[in-house]
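Please open the model in a viewer and follow the stops below in order. Each stop names a selection and then describes what is found there.

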Amino acid sequence: AEKKPEKTRIAMVVKNLGNGFFDAAHTGADEAAKQLGNVEVIYTGPTTPSAEGQIEIINSLISQKVDAIVISANDPNALVPIAKKAMQRGIKVVSFDSGLAPEGRQMQLNPSNAELIGAKQIQMAADEIGGAGEIAILSASAQATNQNIWIGVMKKVLEKPEYSKIKLVATVYGDDQSDKSYREAIGLLRSHPQLKAIIAPTTVGIVAASKAVADEHLVGKVYVTGLGLPSEMAGHVKSGAVKEFAIWNPIDLGYAATYAADQFVKGKVEAKPGASVSVGRLGSVTLDANGEAALGPPFTYNADNVDKFAKLF
Amino acid sequence: MNILKQREPLLAAMVVLLVVAVGLREPAFLSAGSLANLVTDSTLLVMLALTQMLVIVTRGVDLSVASNLALSGMVAAMLGAHVPGLPLPLIVLAAVAVGLALGLINGWLIGYLELPPIVVTLGTMSVYRGAVFVLSGGAWVSAHQMPASFVAFPLDRLLGLPHLVWIAAATLALMAWIARSTRFGRDLYAIGNAPQCAGYIGIPSRKRLLGTYALSGAVAGLCGYLWVARYAVAYTEIAYGFEFTVIAACVIGGVSIGGGVGTVLGATLGALFLTVIGNALPVLQVSPFWQSALTGLVILVAVLINARGAGRRSRQILPLHGTDAQPKRSAA
Amino acid sequence: MNPTTTMPPEPKSSSRYTILDRETPRLRTLLGRWESLLAMLFIVVFVANSIALPHFLDLYNLLDGTQNFSEKALIALPMALLIICREIDISVAGTLALSSVAMGLAKGAGFPAESLPLVALATGTACGFLNGVLVTRFALPSIVVTIGTVSLYRGLASVVLGDKAFTGYPQLMADWGQGYFFGIVPREFVVLLVCAALFAVLLHTTSWGRRIYAIGNNPEAARFSGIAVDRYRLALFMLTGAMASLAAFLLTGRIGSTRPNIATGWELEVITMVILGGVSIAGGAGTIAGVMLAVLTMGTVTYGLSLANIPGIYMTIVVGVLLLVTIALPKLLRMRRARGA
Amino acid sequence: MPATQTPPVLQLTGISKRFNGIHALNGVNITIRAGECMALIGENGAGKSTLVKTLTGIYRPDAGSLSLDGKPVTFASPQEAMAAGITAVHQETVMFDELSVAENIYVGRQPVRGGRIDWAQIEREAEALFARLEVALPVKARVKDLSVAQRHFVEIARALAQDARVVIMDEPTAALSQREIRELYRIIDQLKAAGTAVIFISHKFDEIFEVADCYTVLRDGQFVAEGRLADITEQELVALMVGRAVHQAYPKADAEIGEPLLVVQNLSHPTEFDDVSFTLRRGEILGFYGLVGAGRSEVMQALFGLTPGVQGYVTLDGRPVMARSPSEAIALGIAYVPEDRQHHGAHLTMPIQHNITLPILSRIGFFLRGRGKQEAGIARHFAEQLELKASHLTQHVAELSGGNQQKVVLGKWLATDPKVIILDEPTKGIDIGSKAAVHRFISQLVARGLSVILVSSELPEVLGMADRIVVMHHGRVQREFLRGEATPESVVAAASGLTMEAA
Ligand SMILES: Nc1ncnc2c1ncn2[C@@H]1O[C@H](COP(=O)(O)OP(=O)(O)OP(=O)(O)O)[C@@H](O)[C@H]1O
Ligand SMILES: Nc1ncnc2c1ncn2[C@@H]1O[C@H](COP(=O)(O)OP(=O)(O)OP(=O)(O)O)[C@@H](O)[C@H]1O
Ligand SMILES: [Mg+2]
Ligand SMILES: [Mg+2]
């Protein structure tokens, strides 16, 4: 006895609320909705980044009979059953940023591809330390999917001859808690006196590592790089602990994912390899054999441009 | 023999032993800088463990400290970020005031409404944490938004020691004085030993409990500012789950969950012990996947060592065999 | 079997005092019961949600919504018994994680699907056994022990899994975790109802249950009354571990994967359910009906909020306030009445 | 001896206090005079302790007024009562186990000098206080290491430490030995001489007549009578209190004593007792006497399977037994009624009926649903036998007066239908009427062929009830008396550790 609302309702389910990255993606989603007209964005997510929390939310979204779910998953597998159920009930599922396993979604939109992201981070580190020396990785939790993929890529990239003088001495996990990340960073500095760079592919980690380096008076001796948001990193770029870091544009990512979801809802594309999906002002992307598509390379920020972008996201 | 039976010296020995053992494996750990960092790193935990100790002594528990810390820290960070030119002391005062207010809510519910502490603080823990999100809209306050003096204060040095250490030392002295030399403090022990009896002899239990949770809240508020300044970032999830670390520090320090027993020295050593573990594991390059399991094991071992002989006490009615032939038991 | 023998066969000496068999039932005492208050709260919340939310009053949705709390509620049942017995178990979520990991390992080792629940059960019970032994043998407070073991259990899960995950569980598990009876009632919910009934019978109608109350009421006197207090405690810890592993079985089946951070933070939610259900943290009081009403109320509130797309963190506020209000309100009213009188 | 003319210190007019509709106190008028010791007398549940708590600001009366030195006062809190000079030794122990003896005396009002508690002064004053009381107690020791009697002295010291106008003692002698009771009398005399008013509550009439000057009788929360003890006999007093005559003589029926039932040989424990041997015959009452702390309770608890690490040889009915847990002991037919009813005896927030059936649940059945009638029947049987005063069987034990709680505990153990019942201070805190009921009940038990071990610190009780008396001292059996040969002097001497020749 439900009257189907006329608007297309697209729910954006993020890893956790209160995360600057996803807030920016939300901005992008709203932009897409405005452009498309007749689209309503429901922005939601659990408080702490847990798969169980996202499952609860999807459950309620299914009850609400939304038209599409755009999700950054906390667990590629755990969310598959519920996502499948959603798809059975006619809801389109598009994952972005941190993906779902293929059977649980129509499409995965990578901000960039993992190869590019991994290579980029190694390259930034290499540039900062002059191509030789010890480096270490400070990640989020050991369960973070995309972090793990990037770390895998980084390890592979390091096998290349041009990086033969760079040695990865440790991978540690700060669980995205500032105190633990800080302590782990200090631990790295202690146990590896020769350390030249810390790569932190997570925003809590890169912030904590920068602070640790500054507090230990190692600015200029140890460089921090990785992935972070300009608004959160601006201070540390200024302090000198970070020379450059990278991130893709989360606004674009949110925009594109929402736009793509709408395409699926309208039946303009089908989820099959090789399909081309329009992503509005960003052109179009093509699905690969896994149903994945990527936007572009990550963007690099440094002292020259960070302030400008800090105001945006 | 007697020394071994006391908790504090044993715990102190364990801390020293642990530091030395880690130092043998990884000499860098014993460098002056590293040890100084260890002390600095322990400060927040020490401060929170001390007030938690007083709370536990009254047979209570304050599960809301970490949420309180996050909320006060967020208030401080937002004041720093959005009210330019606000003098630092005022910001700190605001953080303490927020913490105090939150502590008073706990204290009122527990003292005046006589509700069970674990339930009350379980509730306020969720509420305070949620309030951080509501207040900040979920947004971060990052380093560049905070004034430089705001961020620099905790680690700036006075007479060679960071402010953090001075503040912790002052807290330690204050708590030692409260616990040992004030009626307020002694009343807490009486309340913890026998809550009903405390009422019979005229101890104003309600006021005392209010004061204890208020103190716990105020210190959590202070730590809130110190935390966000030290790590130069404030967001909803800071110090998530830290309450259990604080309680674990107390428990390792010999503070009895059953109330009435606990010393300032013990709580401090318990906090130091956990800090050493937390710092040693990364330095020793223990696999990150082992860290949680090892921490759990260490807590259990420390608690077991603490508990030796504290189980069923038996009395001594028979004359002791040995030197004293005649027992002096019935003194009356 | 013949209890009349316990009565000495001699003439009844009539006492000077008359003692009624039971209190004359008064409506006010009945209405003043916690369960009645909860039931009313539940009805209010339910009706309010039905009016305010268009998608709420839909049998499919409601039944699906039960999946959000079924596993937690399964752990809340033995937790209620433990708390009635003056103990507490903070390590349940760690036990759950470790049980899930054990199933993953067993599956990897080629165990048949039917044996996986047994593997989980064995692991959970073993975890509970360790808790129980530490508590009873060394006379340690359970909150202290389980703060330690929760780190240990979750830590072991992380040691085994590292940065990987177990996936690809057999269909059997998905059937139980995601499946339905009659195509509409989630199996998990049925499991919960059956377990709740069993627990209610155990606690409220058997001598075991009576003894659990007695232990919580006064453990020393219980020991003096010939109750093997430590054995009951140990058994309850093991039961809690076992129920946590049942939850692990269902949850793993529902989400089809195991990571060390599975079910993080559940212990507090479970304890909140139990306390909201009117189980006294001081021991000796509480009912399964209360706990189930609290579970349903909390489930309805959170489901309503999520249907309204209110961020999860508001739910924690609502649940926290609910907890505080429900325990504070009766106290405040009583104080008010005392002052008015 | 001061005459009636001494001025009233404290006057109670129309004091009422209700608990859930029950009048614990109902319009009580009492006058308390300086330099006098007033005995407050009443059955269990008469409202004595409630009165004490009302006077000390713990409860606020529902109606009525207090006046101190003629001026109306109200006590909103115990501090206010204390500040007005009213202190009490409560019936429940008020002790802080982890604090030192000295601190226990001054807790809540420690002297502060220069912003710090003056510990030296506290210890000095505590020592001076004990010197005045002529009691030797280590002031630095923690209270948890003291014996029960020593704790009582700490409580008394606390009441005396504050130069009170009115000192109330609610059953202060319950845990004291003969000699310690003498000490207490002396202290009360000291107080009277100093012009302090003393309210003395006890169920033991010999004590009342010895120490008090006048009496006030309460019954069911109501004032019944007052007067000078010199003008009344014990019989009359009892009649006032109970509202009828009570046969106080120990109703020791000459039961037929059969063959040995419980034989204990060389029972030993590393720290508590050593080489304890005795024999209990069928139908016999074996008294166990000793000073408080002699280790009698420990021996009994060992027999009941509560104490690990016990060695020795025990036979019941000729079969070797050594209970390793209370449930084993219960199954063997041994019941132990503990002396500390609050901690070991009663489940305070459980219904009376569930308290009574707790040890016999396995006999009632695994499923209890539908057996409520049966449970109530068992409970009712013992409640009536023991003249329990309660409004209904599902009432919580906490709501009963101290003595009635003791009756519930007693009923619970009788319900196990034991062969041997060990009663550890069964009449401690029980009023005289009920005490007679308990004694009558004990007699009935042995008449039915049960054997009773009666541990008691009350000499008349042991002498009146027991067929034989075992006297313990410092964890060892000092001497055994037959019924005929025991005299108060010889028994007390043995309990004090004097050798037979000296006795
Ligand atoms: N907290 C309470 N709640 C309910 N009823 C109570 C409470 N305290 C006492 N009563 C009731 O008030 C009456 C008086 O009790 P009280 O303790 O004053 O008796 P008592 O004279 O001291 O007896 P005893 O000699 O046994 O100590 C009893 O009927 C008791 O059941
Ligand atoms: N210092 C103490 N520490 C712990 N428990 C004690 C202590 N003193 C007494 N108790 C307990 O209090 C109760 C009363 O002790 P009490 O002084 O009567 O000693 P007792 O050995 O039982 O002597 P008896 O029964 O011969 O009088 C006993 O149950 C005893 O276990
Ligand atoms: Mg009394
Ligand atoms: Mg005794």
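Begin by selecting C:Ala263, which is buried at 0% relative accessibility; buried means under 20% relative accessible area, exposed over 50% and partly exposed in between, with a 1.4 Å probe and protein chains only. The loop between β4 (257-258) and α13 (266-276) of chain C holds C:Ala263; helices (H or I, at least four residues) and strands (E, at least two) are DSSP runs, numbered from the N terminus. Although C:Ala263 is not a glycine, its phi is positive, at about 60 degrees.

Before moving on, note that this is a predicted model, in which local features need pLDDT of at least 70 and side-chain atom pairs count only at pLDDT 80 or more, while totals for chains, interfaces and linings use all residues. Residues are numbered from 1 along each chain as its sequence is written, chains are lettered from A and ligands numbered from 1 in the order in which they are written, and side-chain values use heavy atoms, with hydrogens and water left out.

Next, select D:Asn266, in strand β13 (residues 260-268) of chain D. D:Asn266 is not a glycine either, yet has a positive phi of about 50 degrees. With a relative accessible area of 44%, D:Asn266 is partly exposed.

Remain in chain D and select D:Lys48, in helix α1 (residues 48-55). Is D:Lys48 buried or exposed? Its relative accessible area is 6%, so D:Lys48 is buried. D:Lys48 touches D:Leu40, D:Ile41, D:Gly42, D:Glu43, D:Ile201, D:His203 and D:Leu218, not counting residues up to four places away in sequence; contact means heavy atoms within 4.5 Å. The C-alpha atoms of D:Lys48 and D:Ala24 are 8.8 Å apart, and the two residues are 24 apart in sequence.

Now turn to the nonpolar cores, each a set of buried Ala, Val, Leu, Ile, Met, Phe, Trp, Tyr and Cys residues joined through side-chain atoms within 4.5 Å. In the largest core, of 420 residues, B:Phe150, D:Leu262, D:Leu267, D:Phe278 and D:Ile421 touch the most other members. Select D:Leu262 and display its contacts, which include D:Phe278, D:Leu303, D:Val314 and D:Ile453. A second, separate core of 54 residues includes D:Val143, D:Phe205, D:Leu229 and D:Val242.

In chain B, select helix α3 (residues 32-57) and helix α12 (residues 242-252), whose axes come within 9 Å and cross at roughly 70 degrees. Axes are lines fitted to C-alpha atoms, for helices over the stretch in contact, and angles run from 0 to 180 degrees between N-to-C directions. α3(B) and α12(B) are therefore roughly perpendicular to each other, a term for angles of 65 to 115 degrees. Residues that meet here include B:Leu45, B:Leu48 and B:Met53 in α3(B) and B:Phe242, B:Val246 and B:Ile247 in α12(B).

In chain C, select helix α10 (residues 207-217): ten of its eleven residues are buried, so α10(C) is largely enclosed by the rest of the structure. Among the buried residues are C:Arg210, C:Arg211 and C:Tyr213.

In chain A, select A:Ser210, in helix α7 (residues 203-215). A:Ser210 is buried, at 0% relative accessibility. Apart from neighbours within four places in sequence, A:Ser210 contacts A:Val224, A:Met233, A:His236, A:Ala241 and A:Val242.

Finally, colour by chain. Of the five pairs of chains that touch, chains C and D have the most contacts. Chains A and D do not touch, and their nearest C-alpha atoms are 37 Å apart.

Key: Parallel < 35°, antiparallel > 145°, perpendicular 65-115°, else oblique.
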